[in-house]
Amino acid sequence: MQQVLSRIALGLRDRSFNPTVCGRSLAIALVVAGGVAIAGCEPTDPPVETAQDQAAIPEKIASRIATIQDIVASPVSVSLAQAEPQPAQVNQTLAYGDQIRTADQALAEVSLVTGAVFRIGGDAALTLRPSQLQLDAGQMITWAEGALAEPVEIVTPAGIAGIRGTTVFVNIADDPNAPVEIFSWEGEVAFRLTEGGEEVLLTSGEQLFVSPGEQSVDALRQQVQPLDRATAQQRLEQSPLINGFSQPIPTREAIEATVDALE
């Protein structure tokens, strides 16, 4: 500022000097209001981030509740925020309301921030919901890596399966009248027909077929049956959801222990 004032003083003594300050004429640049200030010489402060802007950052982060970890073959597509389907990408993040689909021999693996992980295939269609995985078609296998941050349920056309630190397989056939298959590879699965309804418990190696429209919990309890060892071993060896990925399923050791314990 002292140097600028000196230049102005020299200019006033020498009329041939036409001073400019920061590229502006003296008449424009000089402002007297309780002191002398040169307009435009001071650096402009960066815009202040509003509280609304700051609040939007964690909201965006919180909306990323799942990540696509692996894709095997194509096509695998996603519909983000109910938009048109687009090809899915590894490391792509998903939010509540987003849908992921597979077709033909394609497989996909998705991890949730809650600690649950699922793989889908067989012309599958799955929508992410708060605390729920809505499977409308196809096959899926779901497991938990460590303790779940919150409960996760699998919603099917026939009812709801609750994951309790287990590895559960669900199969929805192409025929809408065919029963939905629930199979516990290891651990406990709590199945119920409706929200808040009574639970039917499946333990390691047990399977249940539930027809759409089924209303009798007692009848379902009678239908829970364990697989025999030979059938379970064949399924373990041939399952694309278990064997079709670059990384082995983390609960494989527990699954093999279940198979060995069957008769």
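Colleague: What should I know before reading any value?

Modeller: This is a predicted model, in which local features need pLDDT of at least 70 and side-chain atom pairs count only at pLDDT 80 or more, while totals for chains, interfaces and linings use all residues. Residues are numbered from 1 along each chain as its sequence is written, and side-chain values use heavy atoms, with hydrogens and water left out.

Colleague: How many helices and strands does the chain have?

Modeller: Helices (H or I, at least four residues) and strands (E, at least two) are DSSP runs, numbered from the N terminus. The chain has seven helices and 18 strands.

Colleague: What share of the residues is buried?

Modeller: Buried means under 20% relative accessible area, exposed means over 50%, and partly exposed lies in between (1.4 Å probe, protein chains only). Of the 263 residues, 41% count as buried. Contacts, meaning heavy atoms within 4.5 Å, can also be sorted by sequence separation. Among contacts in the chain with a separation of 6 or more, 47% come from residues 24 or more positions apart.

Colleague: How is a cavity found, and which residues line the largest cavity?

Modeller: Rolling a probe the size of a water molecule over the atoms shows where empty space is left. On a 1 Å grid over the protein atoms alone, a cavity is a set of points where a 1.4 Å probe fits but cannot get out, and lining residues have an atom within 4 Å of a point. Grid points are joined across faces, edges and corners, and a volume is the space filled by probe spheres set on the points. The structure holds one cavity of 30 Å³ or more, and the largest cavity has a volume of about 50 Å³. Its lining consists of I65, Y96, L112, V113, T114, R129, S131, Q132, E150, P151 and V152.

Colleague: What is the lining of the largest cavity like by class?

Modeller: Ala, Val, Leu, Ile, Met, Phe, Trp, Tyr, Cys and Pro count as nonpolar, Asp, Glu, Lys and Arg as charged, and the others, Gly among them, as polar. The lining has six nonpolar, three polar and two charged residues. E150, one of the lining residues, is in the loop between β12 (132-144) and β13 (152-156). E150 counts as partly exposed, at 28% relative accessibility. Leaving out residues up to four places away in sequence, E150 touches Y96, T114 and S131. E150 and G115 are 35 residues apart in sequence and 8.5 Å apart in space, C-alpha to C-alpha.

Colleague: How do α5 and α7 pack?

Modeller: Two packed helices are described by the angle between their axes and the distance between the axes. Axes are lines fitted to C-alpha atoms, for helices over the stretch in contact, and angles run from 0 to 180 degrees between N-to-C directions. Helix α5 (residues 229-238) and helix α7 (residues 252-261) pack at about 155°, with their axes 9 Å apart. That makes α5 roughly antiparallel to α7, a term for angles over 145 degrees. R229, A232, Q233 and L236 of α5 meet R252, I255, E256, V259 and D260 of α7. These contact residues divide into four nonpolar, one polar and four charged.

Colleague: Which peptide bond is cis?

Modeller: The bond from S74 to P75 is cis, with omega near 5°. P75 is in the loop between β5 (66-72) and β6 (76-79).

Colleague: Which residues does Q225 contact?

Modeller: Q225 lies in strand β18 (residues 225-226) and is partly exposed, with a relative accessible area of 43%. Leaving aside neighbours within four places in sequence, Q225 is in contact with G205, E206 and Q207. The C-alpha atoms of Q225 and E206 are separated by 5.3 Å.

Note on methods: On a 1 Å grid over the protein atoms alone, a cavity is a set of points where a 1.4 Å probe fits but cannot get out, and a pocket is an open set with protein on both sides within 12 Å along at least five of seven lines; lining residues have an atom within 4 Å of a point. Angles under 35 degrees count as roughly parallel, over 145 as roughly antiparallel, 65 to 115 as roughly perpendicular and the rest as oblique.
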